[in-house]
Amino acid sequence: MVQDYQQSDANARDPETMMLFATIFNQEGEHLAGFLVDILCGLCQPTLEMISSDFISYPEFREPFFKLVHNIILHCTQGMFEL
């Protein structure tokens with residue numbers, strides 16, 4: 001799923017993917033530390049590229065993006081330190 005998101009066109013991406021992973025991090029937290037690099041590169045990097053170009057495009061991606069980042073920091077702190 002992460003690779004599909006990363007490789008797809010920006011207009012074909014779904015913000016619900018980030019909400020799904022935000023929920024998974026909320027539930028599983030540190031158990032996902034081994035997959036953190038893949039998730040950051042596959043979800044966060046492409047989304048950040050989409051929303052950082054201006055403050056108008058892709059408004060539906062902004063809240064899920066920051067929710068995902070918040071849950072990663074809150075529930076997978078050890079994984080962040082291991083990076």
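Select Cys44, which counts as buried at 7% relative accessibility. The model on screen is a predicted one.

A disulfide is a covalent bond between the sulfur atoms of two cysteines. Cys44 takes part in none, and the nearest cysteine sulfur, on Cys41, lies 9.1 Å away. That distance does not qualify because the two sulfur atoms would have to be within 2.5 Å.

Next, select Cys76. Is this residue buried or exposed? Cys76 is buried, and its relative accessible area is 0%. Cys76 is also in no disulfide; here the nearest cysteine sulfur is that of Cys44, at 11 Å. Searching the whole structure for disulfides gives zero.

Now colour two helices. Helix 3 covers residues 36–51 and helix 4 covers residues 59–75. How do they pack? Their axes are 11 Å apart and meet at an angle of about 150°. Helix 3 is therefore roughly antiparallel to helix 4, since the angle is over 145 degrees. The crossing of the two helices is left-handed.

Show the side chains where the helices meet. On the helix 3 side, select Leu36, Leu40, Leu43, Cys44, Thr47, Leu48, Met50 and Ile51. On the helix 4 side, select Phe61, Arg62, Phe65, Leu68, Val69 and Ile72. Sorted by class, the residues of the contact are twelve nonpolar, one polar and one charged.

Leu48 is partly exposed, because its relative accessible area of 42% falls between the limits of 20% and 50%. For a distance to check in the viewer, draw a line from the C-alpha atom of Leu48 to that of Pro59: the two are 12 Å apart, with a separation of eleven residues along the chain.

For the last stop, select Asn11. Where is Asn11? Asn11 is in the loop between helix 1 (2–7) and helix 2 (15–28). With a relative accessible area of 62%, Asn11 is exposed. Draw one more line, from the C-alpha atom of Asn11 to that of Met50. These two residues are 39 apart along the chain, and their C-alpha atoms are separated by 9.6 Å.

Notes
Residues are numbered from 1 along each chain as its sequence is written. This is a predicted model: local features need pLDDT of at least 70, side-chain atom pairs count only at pLDDT 80 or more; totals for chains, interfaces and linings use all residues. Side-chain values use heavy atoms; hydrogens and water are left out. Buried means under 20% relative accessible area, exposed over 50%, partly exposed in between (1.4 Å probe, protein chains only). Axes are lines fitted to C-alpha atoms, for helices over the stretch in contact, and angles run from 0 to 180 degrees between N-to-C directions. Helices (H or I, at least four residues) and strands (E, at least two) are DSSP runs, numbered from the N terminus. Angles under 35 degrees count as roughly parallel, over 145 as roughly antiparallel, 65 to 115 as roughly perpendicular and the rest as oblique. A crossing is left-handed if the near helix is turned anticlockwise from the far one by less than a right angle, and right-handed if clockwise. Contact means heavy atoms within 4.5 Å. Ala, Val, Leu, Ile, Met, Phe, Trp, Tyr, Cys and Pro count as nonpolar, Asp, Glu, Lys and Arg as charged, and the others, Gly among them, as polar.
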